[in-house]
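Subject: Structure handover

Hello,

My notes on it follow.

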Amino acid sequence: LDYVVTISSDMQKTYVRKFGLDTAKVPIIYNGVNDPYAGQLPDKSFGKKMRIIYAGGNNPNKGARLLLETVKDPRWKNYPVDLAWYGYMDAGLERTLSAIPGVTVHGRVNRAEILSTLSSSDVFLLPSYKEGCPMSMLEAMSYGVIPIASDGHGAMERIVIHGQEGFVCRLDNWVND
């Protein structure tokens, strides 16, 4: 073994600790995504409702519980938003979400459908507790979608400078932030 290429500092630490590798043998090369607009973002037409996307299903690590608390908060109904909720979820969560105004459950879909939604979205939510290199957030950003990420363990705070590329919210106060 000459090198193990990792895509985040968390992944690098795992290889160094777990396998006792020399850090110099485990370089970080941050992953990237294709630029769908070749450097020229399209104009976003701001309608009456903000279009939001979440792609974590009911995965606890992706912050599904925090997002569920957010949409169940009484203040949610005061905001003109359409939240597209993607990913695997059990029938109980799907029923709960389907009853909340402004939330549309899509479940697991093919990649093309998610990319289509990303291209017309305004905000991408990533309330994750732990992420190595959040590719879904990078893809969203490539479409000019504003990320709202968490301060969880991982690369979110390295990719998003709060108030510049997007926003980083606190896990311990996600609903209010």
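Ser142 counts as buried, at 14% relative accessibility; buried means under 20% relative accessible area, exposed over 50%, and partly exposed in between, with a 1.4 Å probe and protein chains only. Ser142 has its place in helix 5. A polar atom of its side chain lies 2.6 Å from the backbone oxygen of Glu139.

On provenance: this is a predicted model, in which local features need pLDDT of at least 70 and side-chain atom pairs count only at pLDDT 80 or more, while totals for chains, interfaces and linings use all residues. Residues are numbered from 1 along each chain as its sequence is written, and side-chain values use heavy atoms, with hydrogens and water left out.

Sheet and helices

Helices (H or I, at least four residues) and strands (E, at least two) are DSSP runs, numbered from the N terminus. Two strands pair if DSSP finds at least two bridges between them. The model has an open sheet of 6 strands in the order 3-2-1-4-6-8, with parallel pairing. Its edge strands, each pairing on one side only, are strand 3 (103-107) and strand 8 (167-169). From one strand to the next the twist averages 20°.

Strand 2 (residues 81-86) runs parallel to strand 3 and is joined to it by 4 bridges. Trp85 stands opposite Val105 in strand 3. Helix 3 (residues 91-98) lies across strand 2 and strand 3, at about 150° to strand 3. Helix 5 (residues 135-142) also packs on the sheet, where it touches strand 4 (123-126) and strand 6 (146-150), and its direction makes about 170° with that of strand 4. For these angles, axes are lines fitted to C-alpha atoms, for helices over the stretch in contact, and the values run from 0 to 180 degrees between N-to-C directions. Contact means heavy atoms within 4.5 Å.

Cores

A nonpolar core is a set of buried Ala, Val, Leu, Ile, Met, Phe, Trp, Tyr and Cys residues joined through side-chain atoms within 4.5 Å. The largest has 23 residues, of which Val71, Leu83, Trp85, Leu97 and Leu125 touch the most other members. Strand 1 (50-54), helix 2 (64-72), strand 2, helix 3, strand 3 and strand 4 each supply at least two residues of this core. Helix 2 gives the most, with 5 residues. Leaving aside neighbours within four places in sequence, the contacts of Leu83 include Ile52, Leu67, Val71, Trp76, Val103 and Leu125. Another core, of 15 residues, lies apart from it; among its members are Ala140, Val145, Val160 and Val168.

Aromatic pairs

Rings of Phe, Tyr and Trp (its six-membered ring) pair if their centres lie within 6.5 Å; planes under 30 degrees apart count as stacked, over 60 as edge-to-face and the rest as tilted. The count by this rule is 2 aromatic pairs. Tyr15 and Phe19 form a tilted pair, 5.7 Å centre to centre with 35° between the planes. Both lie in helix 1 (residues 9-19), 4 residues apart, about one turn of the helix. Tyr15 is partly exposed, with a relative accessible area of 29%.

The rings of Tyr54 and Trp85 have centres 4.9 Å apart and planes at 75°, so this pair is edge-to-face. Because Tyr54 lies in strand 1 and Trp85 in strand 2, the pair ties together parts that are 31 residues apart in sequence. Tyr54 is buried at a relative accessible area of 1%, and Trp85 is buried at 0% relative accessibility.

Regards

Technical notes:
Polar contact = N/O pair within 3.5 Å; in protein donor to acceptor, adjacent residues only side chain to side chain.
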